[in-house]
Each structure stands twice: as C-alpha cells, then as structure tokens.
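Here is a short report on one protein chain. It goes from the whole chain to single residues.

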Amino acid sequence: MVGRALGSINGVKSLTEGLGPLVFGTLLTLSEKHSLPGWPYFIAAVMSALAWRATKALPTERAEYYSTRNTADYEEMEPFNE
C-alpha cells in the first residue's frame, strides 16, 4: 500500500515538474501584453495558499496513534516533538 502511494506521489511530482514550467512560462508570456503583468504570480500564490490549506485538513500520525490506542497506553508513549 505504501509503495503504491509513493509511486503515485512521484508520478504527480514528475508530471508537475514537466508541465509546471511550460504552463507558467506560457502565462508569463501572455501577461507581458496585459495591463497587470504580474497576474501569473498572483495565480501561483493563490494555488499555493489552497494547497497549504488542504494539507492542514490531513490527519497527523499523532492523531492516528491516539485513535487506535487505549488510554492506558498513553503513559507508555514517547513525547512527540515537532
């Protein structure tokens, strides 16, 4: 299961590394003739903010640990350092 997840992540990463510069370069070329030449950067900032917000909704390993353990096991748990 982990191997499939890592393979999927690497596939998406490779796709974005190839297509990202092409799309952003095209947007920059199109924006040179526009009255607001920095709009591609604004779009990139909005997309980054949305991605950051989406990661905040993901469960953490600590939350999964607590949901699968009994309360008696909490005393044996190592401290969580972030």
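## Surface and overall fold

The chain has an accessible surface of about 7500 Å², and carbon and sulfur atoms account for 64% of that. This is a predicted model. Of the 82 residues in the chain, 2% count as buried.

The fold is simple to list. There are three helices and zero strands. Read from the N terminus, the order of elements is α-α-α.

Helix α1 covers residues 2–31, which makes 30 residues. From first C-alpha to last, α1 reaches 41 Å. That is close to the 44 Å expected at 1.5 Å a residue.

Where does α1 kink? The kink lies at L19 and comes to about 30 degrees. The proline P21 follows shortly after L19.

The partners are K13 and E17, with their closest N and O atoms 3.9 Å apart. That distance falls within the 4 Å cut-off, so the pair counts as a salt bridge.

Both residues belong to helix α1. K13 and E17 are four residues apart, or about one turn of the helix. Is K13 buried, partly exposed or exposed? K13 has 45% relative accessibility, so it counts as partly exposed.

## P37 in the loop

Between α1 and α2 runs a loop, and P37 is found there. P37 counts as partly exposed because its relative accessibility is 48%. Along the chain, P37 and L27 are ten residues apart. Their C-alpha atoms are separated by 9.9 Å.

## P40, a buried proline in α2

P40 has its place in helix α2. Is P40 buried or exposed? Its relative accessibility is 1%, so P40 counts as buried. The cut-off for buried is under 20%.

Which residues does P40 touch, leaving out those up to four places away in sequence? They are F24, L27, L28 and S31. The C-alpha atoms of P40 and T26 are separated by 9.6 Å. P40 and T26 are 14 residues apart along the chain.

## A nonpolar patch

A nonpolar patch lies on the surface, formed by F42, I43, V46, M47 and L50. Together these residues have about 500 Å² of accessible area.

Take I43 as one of them. I43 sits in helix α2, which spans residues 39–56. With a relative accessible area of 34%, I43 is partly exposed. A patch residue needs over 30% relative accessible area, so I43 passes that cut-off.

## Recap

Helix α2 holds the buried P40 and the patch member I43. P37 is found in the loop between these two helices.

Note on methods
Residues numbered from 1 in each chain as written. Predicted model: local features only at pLDDT ≥ 70, side-chain atom pairs only at ≥ 80, totals over all residues. Heavy atoms only, no water. Patch = residues over 30% accessible without salt bridge, like charges linked within 9 Å, V, L, I, M, F, W, Y side chains within 5 Å. Areas by Shrake-Rupley, 256 points an atom, 1.4 Å probe, with all protein chains shown as cover. Salt bridge = Lys/Arg side-chain N within 4 Å of Asp/Glu carboxyl O. Buried < 20%, exposed > 50% of the residue type's maximum accessible area, 1.4 Å probe, protein only. Expected span 1.5 Å × (residues − 1). Bend = angle between axes of the 7 residues up to and from the residue. Contact = heavy atoms within 4.5 Å.
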